Amino acid sequence: MSSNSTIGSLALGIQIIDAVAQSDLPLKFSDIQEVTGISKSNLYKYLNTLTRLDLLYRDQRRGSYSLGYKFLQYGTAALQNADFIDRLTPYFKEISKITSMTTLFATWVNEGPIITNIWNTNYGLNIGAQVGTKLPLYSASGKIFAAYAHSMEMTNWIEQEQQAIENFDISKFQNEMKQIRNSQYTYAYEPLIRHVSSLGFPILNYKRELIGSFSVVGFSEDIPHESDSEIIQRIVSMSKEMSAIYGYKEKEE
């Protein structure tokens, strides 16, 4: 990009961000240098600046770069401007209304699922989380992300979470993931706080990849978890309607 009306250094910074954003995996310094062609000395300065501004995130252990936390703020605003959240909000509000429970939406940021929106019906309920909370594997949303994992970054997160769980049963976990994909919902018993449980549901796109997960959260005794529950089946149906907005279609028998 060469013009008297543009700033070359800014364009190079955006080029670096584009390279990281378009990669399915976090990129190392050498990967970014190869893609962008920026000299090593200049690239170091760019990466250091972008990391300090939270536009990029550097994994200290692996030395790799992915989009930074700042893009959660920018992305949420952009999604709202693109009617992403606006399109889904009526569904979430209706779900909260028919269940009299809290609904939350989570999306993937850096190294795990993060809560980006919460719709409260029962304001007196402490769900043990807030906007910006990173959710663990054993939460309802965490299970949904694990069941529909489609990147190495997600796979690495799953493995790290498994290692942190005492006496983790991999066979039971794999069976549960298969069941989630078949039923398109999951149940988590008191994952974050006592007496509060949740149901998780996926929102998929035309590639059948996960856009995000939403959870219905309430007191444990109020949360249904049997597959023949009328409430669950109704929410699963609404989940599929939301996915259809982004081109999702069920497989024909």
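Among contacts in the protein between residues at least 6 apart in sequence, what percentage join residues at least 24 apart?

**Figure 1. Overall fold of the predicted model.** The share of such contacts that join residues at least 24 apart is 57%. The protein has 9 helices and 8 strands. Its C-alpha trace spans about 60 × 45 × 45 Å along the principal axes.

**Figure 2. Surface and charges of the protein.** The accessible surface comes to about 14200 Å², and carbon and sulfur atoms account for 48% of it. Of the 253 residues, 44% count as buried. The protein carries 23 positive and 27 negative charges, whose mean positions are 6 Å apart.

**Figure 3. The largest nonpolar core.** This core has 25 residues, of which Phe145, Ala146, Tyr148 and Trp157 touch the most other members. Two or more residues each come from strand 4 (102–109), helix 6 (140–147), helix 7 (152–164), helix 8 (170–183), strand 7 (196–204) and strand 8 (210–219). Helix 6 gives the largest share, 4 residues. In soluble globular proteins, nonpolar side chains tend to be buried together.

**Figure 4. Surroundings of Tyr148.** Neighbours within four places in sequence are left aside here. Tyr148 is then in contact with Ile180, Arg181, Gln184, Pro202, Leu204, Arg208 and Leu210.

How values were computed:
Residues are numbered from 1 along each chain as its sequence is written. This is a predicted model: local features need pLDDT of at least 70, side-chain atom pairs count only at pLDDT 80 or more; totals for chains, interfaces and linings use all residues. Side-chain values use heavy atoms; hydrogens and water are left out. Buried means under 20% relative accessible area, exposed over 50%, partly exposed in between (1.4 Å probe, protein chains only). Contact means heavy atoms within 4.5 Å. Accessible areas come from the Shrake-Rupley method with a 1.4 Å probe; for residues, only the protein chains shown count as cover. Lys and Arg count as positive and Asp and Glu as negative; His and the chain ends are not counted. The place of a charge is taken as NZ of Lys, CZ of Arg, CG of Asp or CD of Glu. A nonpolar core is a set of buried Ala, Val, Leu, Ile, Met, Phe, Trp, Tyr and Cys residues joined through side-chain atoms within 4.5 Å.
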